[in-house]
Amino acid sequence: KGKVQTIPGTTITIQYLGANIPNPNCADCSSTTNILLQKGGVDKTLNFLCGGIAGKCLDKLSEFDYEVTLTSGTETTAKVSIKQQ
């Protein structure tokens with residue numbers, strides 16, 4: 001969390017901002033995981049959402065011609081896979 005890393009072979013940086021993880025006893029609450037991508041002074045925050053009444057997860061988002069997939073996350077770490085579109 002908070003570490004800035006450069007995506008290899010690019011000028012794009014990625015940073016895990018954090019997660020909002022609800023109480024596990026809440027049946028219709030949702031969790032969010034936020035990741036920041038930066039390229040050439042442009043910031044894009046990817047907000048991954050999981051849970052809620054439908055229980056669906058939005059775990060794949062695209063920005064700067066890259067697809068970012070959240071594979072796991074906690075309050076302190078996030079693991080993503082990144083591929084060019």
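**Pockets and strands**

Modeller: Sorted by class, the lining of the second largest pocket holds 8 nonpolar, 4 polar and 1 charged residues, where Ala, Val, Leu, Ile, Met, Phe, Trp, Tyr, Cys and Pro count as nonpolar, Asp, Glu, Lys and Arg as charged, and the others, Gly among them, as polar. This is a predicted model, in which local features need pLDDT of at least 70 and side-chain atom pairs count only at pLDDT 80 or more, while totals for chains, interfaces and linings use all residues. Residues are numbered from 1 along each chain as its sequence is written, and side-chain values use heavy atoms, with hydrogens and water left out.

Colleague: Which elements give two or more residues to the lining of the second largest pocket?

Modeller: A pocket here is an open set of points on a 1 Å grid over the protein atoms alone, where a 1.4 Å probe fits, with protein on both sides within 12 Å along at least five of seven lines, and lining residues have an atom within 4 Å of a point. Of the 13 lining residues, Ser31, Thr33, Cys50, Leu70 and Gly73 lie nearest the centre. Strands are DSSP runs of E with at least two residues, numbered from the N terminus, and the elements asked for are β3, β4, β5 and β7 (66-73).

Colleague: What is the volume of the largest pocket?

Modeller: Its lining has 16 residues, with Lys3, Gln5, Ile14, Tyr16 and Ala78 nearest the centre, and β1, β2 and β8 (78-84) each supply at least two residues of that lining. A volume is the space filled by probe spheres set on the grid points, which are joined across faces, edges and corners, and for the largest pocket it comes to about 300 Å³.

Colleague: Which residue in β4 is the bridge partner of Gln38?

Modeller: Strand β3 (residues 30-39) pairs with strand β4 (residues 42-51) in the antiparallel sense over 10 bridges. The two form a hairpin with 2 residues between them, and Gly40 in the turn has a positive phi of about 55°. Within this pairing, the partner of Gln38 is Asp43.

Terms used:
Pairing = 2+ DSSP bridges. Helix = DSSP H or I, 4+ residues; strand = E, 2+ residues; numbered from the N terminus.
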